[in-house]
Amino acid sequence: MANLLHFFGTIFILLSLVVFPIIGKKDENSFGKSINKESMSPKREKLSHFRFYFHDILSGTKPTSIIIVPPPKNTAKTGFGIVNMIDNPLTLGPNLSSKIIGRAQGFYGSSSLSELSLLMIMNFNFIEGKYNGSSLAVLGRNSIVETVREMPVIGGSGLFRFARGYVQARTISLNVTTKDAIVQYDVYVLHY
């Protein structure tokens, strides 16, 4: 009996020194884990519609859109390769004097050799009202010759966490000399 107890005692000690630490050991290479969705307590998802005006100002002493990559030599008529960085005001009405409710920050580039088309990568950062401090991320193709262009909303922050949806852009005015433009944005977004 003593030999049997000694045998099981030895097995227990070996297991506690070798196997149990391996079972309880956390993976040092793991940086994420699954969590219960309910633990983040998302509220009921809702669909919201926003309308505001985007002012792309390339002219004057304080432009809000600047060329950061100039057109390459022998460029297409579409300006393929030009990239602009933006910090454009978003207003309630089409006039720049209207109340500013946020800023469109990011960049766009001419992405087609054959047509006037932009790749838009920007955040709509809101600075007014309930959505102050929240933002929506937009990434998509903007074929600027079309009357209505649609681009996806791919995410958001603040009150727009887990956001998804789309925007519709309509050019209200374009100065062909200065290239300044006013664009109406209708945003349809699912969020919590």
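Reader: What should I know about the numbers before we start?

Author: This is a predicted model, where local features need pLDDT of at least 70, side-chain atom pairs count only at pLDDT 80 or more, and totals for chains, interfaces and linings use all residues. Residues are numbered from 1 along each chain as its sequence is written, and side-chain values use heavy atoms, with hydrogens and water left out.

Reader: OK, how many aromatic pairs does the structure hold?

Author: There are twelve aromatic pairs. Rings of Phe, Tyr and Trp (its six-membered ring) pair if their centres lie within 6.5 Å; planes under 30 degrees apart are stacked, over 60 edge-to-face and the rest tilted. One of the pairs is Phe-50 with Phe-160, edge-to-face at 5.7 Å centre to centre with 85 degrees between the planes.

Reader: Where in the chain do Phe-50 and Phe-160 sit?

Author: Phe-50 is in strand β1 (residues 46–56), while Phe-160 is in the loop between β7 (149–157) and β8 (164–174), so to speak of distant parts of the chain: 110 residues apart. Strands here are DSSP runs (E, at least two residues), numbered from the N terminus.

Reader: Are Phe-50 and Phe-160 buried or exposed?

Author: Phe-50 and Phe-160 are both buried, and buried means under 20% relative accessible area, with exposed over 50% and partly exposed in between (1.4 Å probe, protein chains only).

Reader: And why does the pair of Phe-124 and Tyr-185 count as edge-to-face?

Author: Because the ring centres of Phe-124 and Tyr-185 are 5.3 Å apart and the planes are at 75 degrees. Phe-124 lies in strand β5 (residues 117–126) and Tyr-185 in strand β9 (residues 181–191), so this pair ties together parts that are 61 residues apart in sequence. Phe-124 is buried, and so is Tyr-185.

Reader: Which residues form the aromatic cluster?

Author: One cluster is formed by Phe-50, Phe-52, Phe-54, Phe-124, Phe-126, Tyr-131, Phe-160 and Tyr-185.

Reader: Switching to charges, how many salt bridges are there?

Author: Six salt bridges, each a side-chain nitrogen of Lys or Arg within 4 Å of a carboxyl oxygen of Asp or Glu. Among them is Asp-87 with Arg-103, whose closest N and O atoms are 2.9 Å apart. Asp-87 lies in strand β3 (residues 83–91) and Arg-103 in strand β4 (residues 100–110), so the bridge ties together parts 16 residues apart in sequence.

Reader: What does Asp-186 meet in a salt bridge?

Author: The side chain of Asp-186 meets that of Arg-170 at 3.1 Å, N to O. Arg-170 is in strand β8 and Asp-186 in strand β9. Arg-170 is partly exposed at 27% relative accessibility, whereas Asp-186 is buried at 1%. Arg-51, Arg-170 and Asp-186 are linked in a network of salt bridges.

Reader: Last topic, the core. Which residues touch the most other members of the largest nonpolar core?

Author: Of its 26 residues, those are Phe-52, Phe-54, Met-122, Phe-124, Leu-136, Tyr-185 and Val-187. A nonpolar core is a set of buried Ala, Val, Leu, Ile, Met, Phe, Trp, Tyr and Cys residues joined through side-chain atoms within 4.5 Å.

Reader: Which strand gives the largest share of this core?

Author: β5, with five residues.

Methods. Helices (H or I, at least four residues) and strands (E, at least two) are DSSP runs, numbered from the N terminus.
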